[in-house]
Amino acid sequence: MIPPNYAIRNIVKHKMTSALTVLGISLVVFVFAGSLMVSNGLRETLVAAGYPSNVTVIRKASQTEVQSIIGYDQAQIIKSSSDIATDADGTPMLANEVYVLISLPKRKSGDEANVVVRGISEKSMALRPDVKLIEGRMWQDAGSEIIAGTSAAERFRGCAVGEQVRFGARDWTVVGIFDAGGSSQESEIWCDIHQASDAFRRPVYSSLTLRLADSSQFEAFKSKIESDPRLPMEVKREQEYYASQSRATSTFINITGTVISFIFSLGAVVGAMITMYAAVANRTREIGTLRALGFSRMSVLIV
């Protein structure tokens with residue numbers, strides 16, 4: 001058996017070829033692990049926006065809140081359900097919300113990107129206890145005022161406290177910054193639902209978020225709402241809804257990462273083969289000497 005220190009000296013002697021081989025394999029692992037991290041991070045961020053006790057209602061066949069339309073009369077029917085929890089004043093724990101996409105320039109590059117404007121109602125904050133104002137104040141009903149998530153304030157121009165953004169044919173002043181516990185809602189802009197509906201001319205809601213009095217009765221509530229001919233609605237647990245939003249994107253990232261990793265793997269294999277052939281060609285006399293001394297093929301292969 002060839003001594004182990006011989007193999008170590010051989011690696012040191014051919015450090016360039018050894019380093020290139022290790023680098024090629026490392027790049028393959030890095031690309032594959034990176035794609036998985038991006039996919040998992042996206043899924044975790046979106047799912048974090050949902051609460052286990054909350055339920056989301058959107059129009060049937062709508063993939064997102066952007067496509068969903070819920071009439072005022074339909075929202076009132078759902079709000080009157082006895083399955084919905086109530087607060088100390090007996091008011092149903094249900095929030096009507098409007099969801100609209102606008103374009104704003106990024107602070108660093110100036111490139112336009114989509115930003116969510118969410119018109120929220122009185123119970124929206126109560127249904128999301130992780131959302132906290134960390135700077136400024138809430139808007140006043142009389143003015144065109146908004147609050148922005150920490151991520152939106154950092155990334156987009158006009159979204160810091162005291163700045164202004166223009167959408168819905170009017171200028172809006174940012175009066176507060178909120179933290180949402182690292183969820184995707186930190187990239188949103190929130191305002192009063194009545195002002196949002198007026199600015200975007202949307203006499204409908206995009207979604208309803210509610211809390212059931214007994215979360216174990218979710219399936220019964222879902223069946224009752226979805227079977228009502230007056231309500232062409234789809235009922236999901238909030239976490240399930242946000243998980244479905246990330247599924248398509250995370251699947252695409254996983255597939256893309258796997259394909260790239262496979263291509264890189266082929267390149268790494270070819271590179272390793274070339275390196276090995278070159279190493280064998282440069283060590284022909286050495287290998288012949290080792291074989292002449294009686295070392296087995298396996299011993300020579302290992303070193």
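This is a predicted model: local features need pLDDT of at least 70, side-chain atom pairs count only at pLDDT 80 or more; totals for chains, interfaces and linings use all residues.
Strand E2 and strand E3 (residues 112–120) pair in the antiparallel sense over eight bridges. Residues are numbered from 1 along each chain as its sequence is written, and side-chain values use heavy atoms, with hydrogens and water left out.

Strand E2 (residues 94–105) is largely enclosed by the rest of the structure, because nine of its twelve residues are buried. Buried means under 20% relative accessible area, exposed means over 50%, and partly exposed lies in between (1.4 Å probe, protein chains only).

Charged side chains come next. The whole structure has 14 salt bridges, a salt bridge being a side-chain nitrogen of Lys or Arg within 4 Å of a carboxyl oxygen of Asp or Glu. One of them joins Glu188 and Arg118 at 2.9 Å, N to O. This pair links distant parts of the chain, with Glu188 in strand E8 and Arg118 in strand E3, 70 residues apart. Glu188 is buried at 4% relative accessible area, and Arg118 is buried at 1%. Both belong to a network of salt bridges that links Glu65, Glu97, Arg118, Arg128, Glu188 and Glu238.

Another salt bridge is formed by Asp83 and Lys224, whose closest N and O atoms are 2.5 Å apart. Asp83 is in the loop between H3 and E2 and Lys224 is in helix H6 (residues 218–227), 141 residues apart. Asp83 is partly exposed at 26%, and Lys224 is partly exposed at 40%. Within H6, Lys222 forms a salt bridge with Glu226 at 3.0 Å; being four residues apart in the helix, they are separated by about one helical turn.

Glu186 sits in the loop between strand E7 (170–179) and strand E8 (188–192). Glu186 is buried yet has no salt bridge, and the nearest side chain of opposite charge, Arg155, is 9.5 Å away. Lys and Arg count as positive and Asp and Glu as negative; His and the chain ends are not counted. What joins the side chains of Glu186 and Thr150? They are joined by a polar contact of 3.2 Å. A polar contact is a pair of N or O atoms within 3.5 Å; within protein, one must be able to donate a hydrogen and the other to accept it, and residues adjacent in sequence count only if both atoms are side-chain atoms.

The structure also holds four aromatic pairs. Tyr72 and Tyr205 form a tilted pair, 4.7 Å centre to centre with 50° between the planes. Rings of Phe, Tyr and Trp (its six-membered ring) pair if their centres lie within 6.5 Å; planes under 30 degrees apart count as stacked, over 60 as edge-to-face and the rest as tilted.

Conventions
Helices (H or I, at least four residues) and strands (E, at least two) are DSSP runs, numbered from the N terminus. Two strands pair if DSSP finds at least two bridges between them.
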